Amino acid sequence: MGSDTFTQLVDANYASLFRFALSLARNQADACDLTQQTFYIWATKGQMLRDAAKAKAWLFTTLYREFLRGRRRGGRLTALEDLPPGEADPPAPAPDTIAALDAQVVLAALQEVDERFRAPLTLFYLEELSYADIAAVLEIPVGTVMSRLSRGKEQLRSILAAPPAAARGTVIPFTPQRLRQSP
């Protein structure tokens, strides 16, 4: 792969990969490391990809794998268990409340969502990947993607209905350039 092609790939995908890494790592330095590691792996193994149109999905999958590998090495991996049955659904906020929310508030609340739900939410709403692409990136079935998106939205609604993060003593900075509205 030529240096111009690699530069174009980095330019086209760096911001979205960094946002995804930041949503997973919750730390700018770790997100930067994950993003750089992903492009390093692409530089060393990317030529093995047969379909260049799948480069974006390959990059997201690689970044997610590196995130999981780092968690395992750090001894911070926890079992992913389903929510307990019968857990009450949070009440849906009024439509005018949703319209009035500032994107920064929503993104900060997203950082409080469990990682197993945060990754699909980020890929769907911020990176605009399809269910199939998210399933490929996270290496889970499409049905699981749909379930995690649903549960993640419920958790996000609960967090947004609670007092602001600043009032709880937790502020997590997050500054992506765009936020796609929920359908």
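**Figure legends: a helical chain and two loop residues**

**View 1. The loop between α6 and α7 holds E128.** In this predicted model, residue E128 is placed in the loop that joins α6 (115-126) to α7 (131-138). The phi angle of E128 is near 55°, which is a positive value in a residue other than glycine. E128 has a relative accessibility of 45% and therefore counts as partly exposed, since that class lies between the limits of under 20% for buried and over 50% for exposed.

**View 2. The loop between α1 and α2 holds R26.** Residue R26 is found in the loop between α1 (3-25) and α2 (28-45). Although R26 is not a glycine, its phi is positive, at about 60°. The relative accessible area of R26 is 38%, so this residue is likewise described as partly exposed.

View 3. Along the sequence, the secondary structure elements follow the pattern α-α-α-α-α-α-α-α-α. The count for the chain is nine helices, with zero strands.

**View 4. Contacts and surface of the chain.** The chain has 183 residues, and 36% of them count as buried. Among contacts with a separation of 6 or more, 70% are made by residues 24 or more positions apart in the chain. The accessible surface of the chain comes to about 10600 Å². Carbon and sulfur atoms account for 54% of that surface.

Methods. Residues are numbered from 1 along each chain as its sequence is written. This is a predicted model: local features need pLDDT of at least 70, side-chain atom pairs count only at pLDDT 80 or more; totals for chains, interfaces and linings use all residues. Side-chain values use heavy atoms; hydrogens and water are left out. Helices (H or I, at least four residues) and strands (E, at least two) are DSSP runs, numbered from the N terminus. Buried means under 20% relative accessible area, exposed over 50%, partly exposed in between (1.4 Å probe, protein chains only). Contact means heavy atoms within 4.5 Å. Accessible areas come from the Shrake-Rupley method with a 1.4 Å probe; for residues, only the protein chains shown count as cover.
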